[in-house]
Amino acid sequence: PGAPSKLVVFLALTVPSMVLLCYGGVVYLQASRLSEELSPSVACAASLEKRRLQHAWDAARDMYDGCMEATGRRDDIDPAALRRRFRLQDCEEYAEASRGSGARLAEWAYLRYMEETQGCS
């Protein structure tokens, strides 16, 4: 019932600090690697994931542009006005493509999430 043990206090302060230091180092290394992969300076040697996501974005953009142009011609509405009101998921082509499966749909879901939650478009 005396004073706290110096060893216990030392360990109580040191062990969690070391664990956090190690974990922070791991997170830093992962973030550093990802930032290098996403950097525009390595666009020529882009990671496979980045290239797949870019191809998915390109396909979605092409589908969206085609949808807006076709809808504009069909309904005699300026495609620019349609773009302000409608998203890719409003297009019939998207609904048809969504009935399938595969990586493209997962990538489109990710892009949609980023657009809706992070303001990316």
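Biologist: Where is Leu 13 found?
Modeller: Leu 13 is in helix H1, which covers residues 6-38. Keep in mind that this is a predicted model.

Biologist: Is Leu 13 buried or exposed?
Modeller: Exposed, because its relative accessibility is 59% and the cut-off for exposed is over 50%.

Biologist: And how many Å apart are Leu 13 and Arg 112?
Modeller: They are 44 Å apart, C-alpha to C-alpha, with a sequence separation of 99 residues.

Biologist: OK, zooming out. How many helices and strands are there?
Modeller: Five helices and zero strands. Starting at the N terminus, the order reads α-α-α-α-α. The protein is more spread out than a compact globule, because its radius of gyration is 25 Å, well over the 14 Å that the globule rule gives for 121 residues.

Biologist: What box do the C-alpha atoms fill?
Modeller: Roughly 85 × 40 × 25 Å, along the principal axes.

Biologist: What percentage of the residues count as buried?
Modeller: 17% of the 121 residues. As for surface, the protein exposes about 9400 Å², and 61% of that comes from carbon and sulfur atoms.

Biologist: What about contacts between residues 24 or more positions apart?
Modeller: Those make up 46% of the contacts with a separation of 6 or more.

Biologist: Switching to charges: how many positive and negative side chains?
Modeller: 15 positive and 17 negative, and the centres of the two sets lie 6 Å apart.

Biologist: Let's look at H5. What span should it have, and what are its ends doing?
Modeller: Helix H5 takes in residues 103-118, and its 16 residues should span 22 Å at 1.5 Å a residue. The end C-alpha atoms are 21 Å apart, which agrees. After H5 comes Gly 119, with a positive phi near 75°.

Biologist: Which residues of H5 are buried?
Modeller: Leu 105, Glu 107, Trp 108 and Met 114. They pack against helix H2 (48-75) and helix H4 (92-98).

Technical notes
Residues are numbered from 1 along each chain as its sequence is written. This is a predicted model: local features need pLDDT of at least 70, side-chain atom pairs count only at pLDDT 80 or more; totals for chains, interfaces and linings use all residues. Side-chain values use heavy atoms; hydrogens and water are left out. Helices (H or I, at least four residues) and strands (E, at least two) are DSSP runs, numbered from the N terminus. Buried means under 20% relative accessible area, exposed over 50%, partly exposed in between (1.4 Å probe, protein chains only). The radius of gyration is taken over C-alpha atoms; the globule rule is 2.2 Å times the number of residues to the power 0.38. Contact means heavy atoms within 4.5 Å. Accessible areas come from the Shrake-Rupley method with a 1.4 Å probe; for residues, only the protein chains shown count as cover. Lys and Arg count as positive and Asp and Glu as negative; His and the chain ends are not counted. The place of a charge is taken as NZ of Lys, CZ of Arg, CG of Asp or CD of Glu. The expected span of a helix is 1.5 Å times one less than its number of residues.
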